[in-house]
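I opened this notebook to record what I looked up in one protein model. The entries follow in the order of my reading.

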Amino acid sequence: MSKVCGIITEYNPFHNGHAYHLDRSRREVGAQDVIAVMSGDFVQRGEPAMLDKYRRAQMAINCGVDIVLELPVAWATSSAEGFADGACRVLAATNIVDTLCFGSEIGEISPLWDIARQLCRETDEFKQVLKTNLAEGVSFPMARATAIATTMGDDAADIINHPNNILGIEYLKAIINNDLVSRIAVRTIKRQGAAHNSDQLQTEHASYGTASAGAIRKHIHAGGDLARLLPLMPQNSFRVLVGEHRKTSINRLDNFSSYLHYALHSTSKEQLLKLSGLSQSMLNRLVNTAKSHYLISDVLEATKSKSHTHTALQRAVLRIILGIYADSAKADIPYIRVLGFRRKKEALLKRLHATSALPVVTNLKHAKNLSSNAHIMLEAEMSATRAYWLGLKAQGVPEKNELERPMAMV
């Protein structure tokens, strides 16, 4: 049976760095097929994807991914731990993915395994250092880095200070915690070009994707010339971006500002606590800040603190807007949804249908024989998609009916 490589991504949007990772993953694994688990219309940073999930799936299929599966919104908008856990569970449920390949700054798997195992077992010393730092008001990422430095040394602490390394460690934790070590092999590809959080566009060595997705988004949201992005993205991806840009179908979190204010005024404090996952004092601070600021970006900037990062608050705000409980990512994933596939890999799609441990949804109109839990989650997904298009309505973009949209194919 052919080897199948799994990758976990957002493709927000698909750039040269993604193309590099995809190509290297195929070659390193020796995979004939690649299946990607991709966030839907909202992403892990707690914001709407710049392009909707079907357009991003089209980018992926155009550029060589064989099947794109959707990571349900509760996991896609969770912490790095929840995001990684949900994505790994989706890949495992396919029963055909035999290797997970992810990018990292370090490019070596052994040190990441060492840290992942430490975080899974959490020694008494680690727990005490973490508890002490959290009690002093330090954010969780900083408190954990300090605990790692104390128990494993400065080299390990430096590793966990890089975003792709962190996500890779969370993938490995998910592999361990879900008893997948014997089922899914793991490889990592060293990230090339611009850093994950770089906001600079650089055109030298563009074949290695020297612009991060964040830098590309910043350039577009600032009204920059799209032509500058051409050297930084595969042509098949760039064409999709230009087509959507002409239709002004580019979304951003501030488009949802009125929905946040409505939710804060119409939802009980008890409900807001369950949705946001924030402490009572932090939620009060958020509510009070919103009284004097309208745009979500301004609310977040005025609310963030030493113990609550901008991204963590952003995720909390998005959960409030979408009505997704903070603990939703602890539930079982009841189905696998296909967003797109390559026509010449139809045999792979049939194999997925035959071997998957979960029902495979390719057409929402035919998704009637699912469990009640699956229908509840599918309705939450469709509700999030409706919200996504409402965020674009002010720009004159007509809402698209989820039930009428075909899978992305090439």
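I began with burial: of the 410 residues of the protein, 55% count as buried, where buried means under 20% relative accessible area, exposed over 50%, and partly exposed in between, with a 1.4 Å probe and protein chains only.

I noted that this is a predicted model, in which local features need pLDDT of at least 70, side-chain atom pairs count only at pLDDT 80 or more, and totals for chains, interfaces and linings use all residues. Residues are numbered from 1 along each chain as its sequence is written, and side-chain values use heavy atoms, with hydrogens and water left out.

I then looked up the overall form. Along the principal axes, the C-alpha atoms fill a box of roughly 55 × 50 × 50 Å.

For contacts (heavy atoms within 4.5 Å), I took pairs of residues at least 6 apart in sequence, and 73% of these contacts join residues at least 24 apart.

Last, I asked how many disulfides the structure holds. I found 0 disulfides, a disulfide being a pair of cysteine sulfur atoms within 2.5 Å. Cys88 is in no disulfide, and the nearest cysteine sulfur, that of Cys120, is 11 Å away. Cys88 counts as buried because its relative accessibility is 1%. Cys101 is also in no disulfide, with the sulfur of Cys5 the nearest cysteine sulfur at 5.0 Å. Cys101 has 1% relative accessibility and therefore counts as buried.
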